[in-house]
Amino acid sequence: MVCAYHSDKDAVAKCEICGAYICKDCMDKTQYLKNDFGVLCPDCYNSKIEEAREAYSEVSHKKTLAATISLICYIAGWFILGFSGGNFVVTLIGILAIGGYCAVAGWRFAANSIDEYDAKHGATYVISDTGIHRDRGTFVKIIFFILGIAFGIFITPINIIRWYVSAAKAKKQVKYCDLMAISQQ
């Protein structure tokens, strides 16, 4: 058997994904992913590197977007609070802007917990004067929403920093993937 990429060299291994036979040089070039995927040919190796690159690129984009939106809302919220002049509605809007992300996260946490409980134990129903209704946990969701706002005032700046750092790490991984790709000769 000869290498699928070097016709002048004998094959020593077979690609785990496509089944192409490869020589020792090709096997050495793709050694980086051997523990995760086994022996790979250069094309399958580059394909896996490109998948990782795209995943890291998407993570970087999402984290940067989340951090930027949260930062804008946080600053706008404090700005709105500064000009509220004691107006309850304007103050409430400012507080919602500051802790909005954590409030939504609190609501989602409560909703997911209720869904998991319902899946495990069956749905909960409430009997009232108007009939039997499924308990959707709205009260619990509202409580977690309010707690999210309260904690969001302090947690949002930490999350913003954490997301920007995470985005920078993912961007660094994208560059690393670019370096790990094998150039075709």
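**Exercise 1.** In which helix is the place of Ser 70? Determine also whether Ser 70 is buried or exposed, and list its contacts.

*Solution.* The structure is a predicted model, in which local features need pLDDT of at least 70, side-chain atom pairs count only at pLDDT 80 or more, and totals for chains, interfaces and linings use all residues. Residues are numbered from 1 along each chain as its sequence is written, and side-chain values use heavy atoms, with hydrogens and water left out.

Step 1. Ser 70 lies in helix 3; helices (H or I, at least four residues) and strands (E, at least two) are DSSP runs, numbered from the N terminus.

Step 2. Ser 70 has a relative accessible area of 7%. Buried means under 20%, exposed over 50%, and partly exposed in between (1.4 Å probe, protein chains only). Ser 70 is therefore buried.

Step 3. Contact means heavy atoms within 4.5 Å. When neighbours within four places in sequence are left aside, Ser 70 is in contact with Tyr 101, Thr 156, Ile 160 and Trp 163.

**Exercise 2.** Compare the reach of helix 3 with its expected span, and state what its buried residues pack against.

*Solution.* Step 1. The expected span is 1.5 Å times one less than the number of residues. Helix 3 (residues 42-82) has 41 residues, for which 60 Å is expected.

Step 2. From first C-alpha to last, helix 3 reaches 59 Å, close to that expectation.

Step 3. The buried residues of helix 3, among them Ser 70 and Tyr 74, pack against strand 2 (21-22), helix 1 (24-29), helix 4 (88-121) and helix 5.

**Exercise 3.** How far apart are Gly 100 and Tyr 74 in sequence and in space?

*Solution.* Step 1. Gly 100 is located in helix 4, and Tyr 74 is one of the buried residues of helix 3.

Step 2. The two residues are separated by 26 residues in sequence and by 8.5 Å in space, C-alpha to C-alpha.

Step 3. Gly 100 has 18% relative accessibility, so it counts as buried.

**Exercise 4.** Describe how strand 3 and strand 4 are arranged.

*Solution.* Step 1. Two strands pair if DSSP finds at least two bridges between them. Strand 3 (residues 125-128) and strand 4 (residues 131-134) have four bridges and pair in the antiparallel sense.

Step 2. In one of these strands, strand 4, His 133 is the bridge partner of Val 126.

Step 3. Two residues stand between strand 3 and strand 4, and the strands form a hairpin.
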